[in-house]
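User: Hey, I've got a structure to look at and I'm new to this. Can we go through it together, starting with one loop?

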Amino acid sequence: MSGQRRTGRGSGRPGPSRPAAGRGGAKRGGSSRGGAPRGGRNAPRSRGAGRTGPVRADGEERGSKPKTLGGEQIEGRQAVRELLLAQRRRTREIWISAELEGSEGVEDIEGLARANRVSVSYVARKRLEATARSEAPQGVLAFAAPIPEADFGSIVRRRPGHVPFIVAVDGVTDPGNLGAILRSCEGAGVDAVVLPRHRAVHVTPTVAKAAAGAVEHVPIAVVPGLPAALARLREAGVWIVGLDDAADRDLFELGDLAAEPVCVVLGAEGAGLSRLVRERCDMIVAIPMLGRVGSLNVSAAAALAAYEIRRHRR
C-alpha cells in the first residue's frame, strides 16, 4: 500500500618562510504515487517552513543566485533532528514511516516539526524506503532547501582575535567517509571544510546521514582547484599541514604550531595527497602506526588530527 497520512572536514620538513598575516497541525487522508515531493497535483504539499531566509555569501551581489551544495533530501533520525534544530534552511516536509507514528523514537522530531510549522506525513514503510537514497533511513526522511555553500573568500579573510582552523579534503570519494569527516570536524570546532569541485563527493543523503547532522553546522566551501585554494590560505598566513602515511614527521610533534592558524589536508582513499596538493603543504605529518596495519581510514585519521589540533588550543 502506498497511501500516506499527513500531519501537519613526503616529507616532514617545513616549507619556505611565511609572511605574517593578520583570519503542523494533524491532517489525514488521501494517497499518492511516486517519490519525493516535486510539485504537481498528486505531490504532498508543505504546510510550513523554517524561519530563516536565504543565506547570502559575503561579497555576493544582491539578485545573484546563491551557491548551494545540494543536500535537499535528508535521511536518518539524527540528521533530520539536527536539520530542524539548526533552522539554517527551510524544511519543506518530513516523512515518517506509518508504523512509527507516536513512538518514542520519533516524538522529538514530531515536536520539533510542529514548533517549526513543518508538515509531517506518515507514509508506508515500503514507499519511504523506495524513496530513500541511503541504506538505512531509520524510517525518517526530510525534504529541504539546499545547503548554502560557504564563501571561500570569507574563510580566507581573518577575523580579529580568531585563530583559523580549517580542514581541506583532497579527493575523498566515499560518502560515508566524508560524512564521518564532517562529523569529527564539527565536534572538534573546525571553522570550515574545503572540498574540490571535481573528482570528489559532495553532500548526498548518505553523507548527511553519516555526518549525523554536522552538515547543518559546519561551513563547507567548494573550490575549483584545491592547490590554488591552499596557496591563497598560505598567503593569508595559514600553515598548511598535510596528512600522509609515508611522512617522517609525527602528527603529535606539531607542538606550538597547532595553536597557529592551520589548515589540515586529508588525502584521498588509497591515493593519498595528490602531487600538486603536496607541493602546497608547509609540512607533511603522519599518524604513528604501532601495530601491523599500515594506516587508518581517512575519516579516523581526520578525527585524530582534528582533536590533536584542538588539544593544543584548550
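Predicted model: local features only at pLDDT ≥ 70, side-chain atom pairs only at ≥ 80, totals over all residues.

User: Okay, is glutamine 138 buried, exposed or partly exposed?

Analyst: Glutamine 138 counts as partly exposed, because its relative accessibility is 39% and partly exposed covers the range between under 20% (buried) and over 50% (exposed). Its backbone also stands out: phi is positive, about 60°, although the residue is not a glycine.

User: Which other residue has a positive phi without being a glycine?

Analyst: Arginine 199 is one, with phi near 55°. You'll find arginine 199 in the loop between strand E7 (192-196) and helix H6 (205-210). Arginine 199 counts as exposed, since its relative accessible area is 75% and the cut-off for exposed is over 50%.

User: Back to E5. How many of its residues are buried?

Analyst: The count is 5 of 5, so E5 is mostly covered. Val140, Ala142 and Ala144 point one way from the strand, while Leu141 and Phe143 point the other way.

User: Which strands pair with E5?

Analyst: Strand E2 (residues 73-75) is joined to E5 by 3 bridges, and the two run antiparallel. E3 also pairs with E5 in the antiparallel sense, over 5 bridges. To see where they line up, look for glutamine 73, whose bridge partner in E5 is phenylalanine 143. For isoleucine 96, the bridge partner in E5 is valine 140.

User: New topic: how many aromatic pairs does the structure hold?

Analyst: There is 1 aromatic pair. It is made by tryptophan 95 and phenylalanine 143, with ring centres 5.1 Å apart.

User: Why is that pair called edge-to-face?

Analyst: The ring planes are at 80°, and an angle over 60 degrees counts as edge-to-face.

User: What does the pair tie together?

Analyst: Tryptophan 95 lies in strand E3 (residues 91-97) and phenylalanine 143 in strand E5 (residues 140-144), so the pair ties together parts that are 48 residues apart in sequence.

User: And are those two residues buried or exposed?

Analyst: Tryptophan 95 is buried, at 0% relative accessible area, and phenylalanine 143 is buried too, at 1%.

User: What about the largest nonpolar core, how many residues are in there?

Analyst: That core has 42 residues, and Leu182, Leu254 and Leu266 have the most contacts inside it. Its largest share, 6 residues, comes from helix H9 (residues 298-311). Another core lies apart from it, with 25 residues including Ala192, Val194, Val223 and Ile240. In soluble globular proteins, nonpolar side chains tend to be buried together.

Terms used
Residues numbered from 1 in each chain as written. Heavy atoms only, no water. Phe/Tyr/Trp six-rings, centres within 6.5 Å; stacked < 30°, edge-to-face > 60°. Helix = DSSP H or I, 4+ residues; strand = E, 2+ residues; numbered from the N terminus. Buried < 20%, exposed > 50% of the residue type's maximum accessible area, 1.4 Å probe, protein only. Core = buried A, V, L, I, M, F, W, Y, C linked by side-chain atoms within 4.5 Å. Pairing = 2+ DSSP bridges.
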